[in-house]
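Here is a brisk report on one protein chain. Follow it with the sequence and the model side by side.

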Amino acid sequence: RVTRVVRQGHVTSVRGSVVQLEQGSLEVEVGTVFIDCTADGLARRESVPIFEPRKIVLQSVSICQQVFSASAIGKIECMDVEESVKNELVKPVPHPDRPIDFLDAVAVTIRNGDELVKRGLGGWLRGNRLFYGSHPGLLKMLWNFPLLLRVRKARADVEQLSAQLGRGMVAKL
């Protein structure tokens with residue numbers, strides 16, 4: 001339960017028993033633990049290859065699905081193929097910060113799903129509880145939406161729209 005609310009702006013520093021705020025300061029007990037929850041853990045970052053020799057750079061391969069993405073990357077890592085083949089199988093999905101970013105993220109997500117199925121991992125996807133499509137009730141509900149019934153056509157539409165808007169990322173896939 002919150003017992004004290006301080007409205008003096010953002011924290012600028014914490015030193016000893018003093019929390020410095022934009023519009024004042026706050027005395028606290030020495031040893032008080034502060035947890036910074038303001039960082040953007042899903043900030044947009046430059047995409048880099050996921051698979052490198054002796055290194056994996058975890059990135060989302062499905063829009064806003066970091067845990068599923070980690071499981072997919074782990075599955076792909078277990079495949080007996082070169083890093084270049086693994087990097088062609090899935091591309092990093094950019095985190096959408098603005099509505100327009102959603103187009104690129106959806107297009108890359110659909111592309112990655114298509115590639116996984118083409119590579120024979122459709123059964124693995126359906127059996128992966130972290131994959132939204134492995135939940136029949138959810139999947140049935142989603143497929144009732146007209147837009148999602150046309151997901152394959154939507155991929156082409158998204159790519160075309162993205163290119164027209166000059167975003168260009170989808171066109172590089």
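Phe 131 is buried, with 15% relative accessibility. Buried means under 20% relative accessible area, exposed means over 50%, and partly exposed lies in between (1.4 Å probe, protein chains only). The model is a predicted one: local features need pLDDT of at least 70, side-chain atom pairs count only at pLDDT 80 or more, and totals for chains, interfaces and linings use all residues. Residues are numbered from 1 along each chain as its sequence is written, and side-chain values use heavy atoms, with hydrogens and water left out.

A pair of aromatic rings is described by the distance of the centres and the angle of the planes. The table gives both values.

| Pair | Centre to centre | Angle of planes | Class |
|---|---|---|---|
| Phe 68 and Trp 124 | 6.3 Å | 35° | tilted |
| Phe 68 and Phe 131 | 5.3 Å | 40° | tilted |

Phe 68 sits in helix H1, while Phe 131 lies in the loop between H4 and helix H5 (136-143), so this pair ties together parts that are 63 residues apart in sequence. Helices (H or I, at least four residues) and strands (E, at least two) are DSSP runs, numbered from the N terminus. Trp 124 belongs to helix H4 (residues 122-127), and its pair with Phe 68 links distant parts of the chain, 56 residues apart. Phe 68 is buried, at 5% relative accessibility. Trp 124 is partly exposed, at 23%.

**Nonpolar cores**

A nonpolar core is a set of buried Ala, Val, Leu, Ile, Met, Phe, Trp, Tyr and Cys residues joined through side-chain atoms within 4.5 Å. The largest core has 14 residues. Which of them have the most contacts inside it? They are Ile 50, Phe 51, Val 61, Ile 76, Val 90 and Leu 116. H1 gives the most to this core, with four residues.

Phe 51 has contacts well along the chain. Leaving out residues up to four places away in sequence, Phe 51 touches Ile 56, Ile 73, Ile 76, Glu 77, Glu 83, Lys 86, Asn 87 and Val 90. Contact here means heavy atoms within 4.5 Å. A second, separate core has six residues, among them Val 93, Ala 105, Val 106 and Ile 110.

**The three-stranded sheet**

Three strands form an open sheet in the order E1-E2-E3, with antiparallel pairing. E1 (11-15) and E3 (24-27) are the edge strands, each pairing on one side only. From one strand to the next, the twist averages 20°. Axes are lines fitted to C-alpha atoms, for helices over the stretch in contact, and angles run from 0 to 180 degrees between N-to-C directions. Two strands pair if DSSP finds at least two bridges between them.

How many bridges join E1 and E2 (residues 18-21)? There are four, in the antiparallel sense. Ser 13 has Gln 20 as its bridge partner in E2, and Arg 15 has Val 18. The hairpin of E1 and E2 has two residues between the strands, and Gly 16 takes a positive phi near 60° in it.

E2 and E3 also pair in the antiparallel sense, over four bridges. Val 19 stands opposite Leu 26 in E3.

In a regular strand the side chains alternate between the two faces of the sheet. In E2, Val 19 and Leu 21 make up the covered face, and Val 18 and Gln 20 the uncovered one.

**Positive phi outside glycine**

Arg 54 is not a glycine, yet has a positive phi of about 60°. Arg 54 is in the loop between strand E4 (51-52) and strand E5 (55-56). Is Arg 54 buried or exposed? Arg 54 is exposed, with a relative accessible area of 88%.

Cys 64 also has a positive phi, near 55°. Cys 64 lies in the loop between E5 and helix H1 (66-77). Cys 64 is partly exposed, at 40% relative accessibility.

How values were computed
Phe/Tyr/Trp six-rings, centres within 6.5 Å; stacked < 30°, edge-to-face > 60°.
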